[in-house]
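Here is a short briefing on a structure. Read it with the 3D view open.

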Amino acid sequence: MGQPVVFIALALVAILSAFGMLLSHNAVHAALFLVLNFITIGVFYIVLAAPFIAMVQITVYAGAIMVLFLFVIMLLGAERLEGAQNVPNTAWQRPLAVFLAAVLVLAFGYLIIQEAVSATGTALPPLDSSPQAIGELLFGSYIFPFEVTAVLLLVSMISLVVWKAQDKRG
Amino acid sequence: MTLGQIALRALIAGFIMSLVVITGFAYTTLLERRLLARLQARIGPNRAGYIPLPRKGKRERRLLGGIMQPAADAVKLFFKEDATPAMVDRVVYNLAPMLTVIPAILILAVIPWAGPILGYEEYFAIAPGIDVGILFILAITSIGVYGVVLAGWGSNSKYAILGGIRASAQMISYELSLALVILAPVMLAGSMNLNDIVVAQEGGWYVLFLPVAAIVFIIGVFAELQRAPFDLLEAEQELSSGYNVEYGGMRFGMFFMAEYMKMISFSAIAAVLFFGGYRGPFVDQFPALGLLYMFIKIVIGLIIMIWVRASLPRLRYDQLMGFGWKVLLPIAVLNFLITAVIIVLASEGIIAFPI
């Protein structure tokens with residue numbers, strides 16, 4: 001019913017905010033566009049009946065990570081973008097970026113067209129998206145990747161602390 | 001009910017509750033000024049809108065002194081010159097007050113105000129039946145940091161940006177402990193739905209089972225709201241007034257509107273999580289009494305916040321950060337661990353614990 005309308009409106013906001021993030025010359029404005037983008041994606045999850053992921057998306061990405069981004073931008077005073085073409089040894093980056101973007105678009109296009117042509121119409125069974133169900137999955141069948149992620153985060157944190165401590169001594 | 005009817009009902013309930021809380025915000029400022037004055041042996045604003053009573057002897061008698069003071073303040077703020085400093089980032093400068101107020105209003109959506117009244121099947125809230133209510137509150141409070149940070153940066157002023165950076169550091173640090181202690185009532189109730197947490201407290205308020213969590217929660221709320229003794233970001237002596245120093249008129253008023261509305265909503269959340277929410281005597285027979293119990297619990301919470309502001313001096317910045325990371329966070333983690341272990345032991349029948 002109203003779902004296509006909601007989807008198109010959200011998709012417009014998401015795409016425009018992504019372009020705004022890429023094109024704005026002020027780093028703080030770019031960060032704010034990215035926040036808007038993250039929140040829109042959170043709303044997408046709500047439309048897809050996955051409220052838990054939606055709330056985590058907003059808390060972690062829009063809330064915690066982007067606040068730290070803003071913090072760094074403000075403390076470094078790096079709001080203004082200087083001309084990027086003066087940076088040496090980056091000439092090869094633009095052609096590479098165009099090439100990779102083309103590969104991505106082609107891959108997506110292939111998948112979408114293939115899906116449209118085959119159109120088997122076998123709907124997936126509805127998943128239980130309650131916090132309890134996600135918790136059981138996370139601490140049941142996915143316990144190993146979960147623990148590995150936890151260890152990775154811990155290692156990066158400890159290495160930063162050690163690095164900082166050595167910096168102080170030297 | 002169809003989807004459209006549910007949406008319409010949520011719209012009407014949201015509009016009415018926002019109006020109620022905005023009025024509540026106005027009178028919270030009056031309560032704070034009068035109570036603070038009394039605690040400091042002053043009188044406070046008692047002139048606007050009193051009802052004169054007939055003279056009795058020599059003394060002039062007055063009733064409800066100061067009842068119109070919030071209206072007078074609002075009119076003053078609206079008709080002040082709305083000046084914008086020349087060197088600010090206009091978009092961000094104008095966005096910041098709105099980004100402060102909107103999260104403060106959004107939090108109201110999930111709070112259960114009463115039991116089944118006014119045709120609501122389970123409980124009365126703007127958006128009833130949200131299973132991730134606690135996560136919603138945490139998500140919205142984490143968004144709330146932006147208003148203050150952007151006000152500080154957009155003002156293009158040293159005092160403002162220092163205030164904004166202090167604010168964001170403080171809110172990020174204390175949000176951790178806050179989120180960890182909120183998990184304790186969630187684990188006891190076995191649900192993130194706020195109404196389930198209220199209903200689960202029928203046997204006794206959670207403050208009795210989780211006193212440490214309740215205390216850490218209250219301290220975390222003070223830091224989250226930037227109320228005294230954690231109001232470093234608007235330390236007048238050091239920063240003139242912090243992140244809002246370049247704002248005037250109603251845009252300045254909006255920052256205070258957000259602060260007081262958050263005081264109200266966090267009092268409500270504290271009541272829901274630890275003090276039985278809308279439950280009280282006879283609430284099963286007369287569900288409308290729930291509104292009254294919520295009101296009483298919120299007002300008590302507000303009075304405690306004002307009382308603390310009058311009693312405690314402001315912390316130093318390093319003390320604030322040290323307290324948050326070295327005292328509050330370990331306590332919150334330990335509390336989380338011990339609560340989880342006790343719940344598991346009790347459910348296995350190894351120890352007896354009344355849940």
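The points below cover a helix pair, a chain interface and salt bridges.

This is a predicted model, in which local features need pLDDT of at least 70, side-chain atom pairs count only at pLDDT 80 or more, and totals for chains, interfaces and linings use all residues. Residues are numbered from 1 along each chain as its sequence is written, chains are lettered from A and ligands numbered from 1 in the order in which they are written, and side-chain values use heavy atoms, without hydrogens and water.

**Helix pair**
- Helix α6 (residues 158-189) of chain B packs against helix α9 (residues 211-224) of chain B at about 150 degrees, with the axes 9 Å apart.
- α6(B) and α9(B) are therefore roughly antiparallel (angles over 145 degrees, on a scale from 0 to 180 between N-to-C directions).
- Residues of α6(B), including Tyr174(B) and Leu178(B), meet residues of α9(B), including Phe217(B) and Val221(B) (contact means heavy atoms within 4.5 Å).
- The residues of this contact of α6(B) with α9(B) are 11 nonpolar, three polar and two charged (Ala, Val, Leu, Ile, Met, Phe, Trp, Tyr, Cys and Pro are nonpolar; Asp, Glu, Lys and Arg are charged; the others are polar).

**Chain interface**
- Chain B gives 21 residues to the contact and chain A gives 23 residues.
- About 1900 Å² is buried between chain B and chain A, and carbon and sulfur atoms give 83% of that area (accessible area, 1.4 Å probe, lost on being put together, summed over both).

**Salt bridges**
- The structure holds six salt bridges over all chains (a side-chain nitrogen of Lys or Arg within 4 Å of a carboxyl oxygen of Asp or Glu).
- The interface of chain B and chain A has zero.
- Arg33(B) and Asp73(B) form a salt bridge at 3.1 Å, N to O.

Key: Helices (H or I, at least four residues) and strands (E, at least two) are DSSP runs, numbered from the N terminus. Angles under 35 degrees count as roughly parallel, over 145 as roughly antiparallel, 65 to 115 as roughly perpendicular and the rest as oblique. Buried area is the accessible area (1.4 Å probe) that two parts lose on being put together, summed over both.
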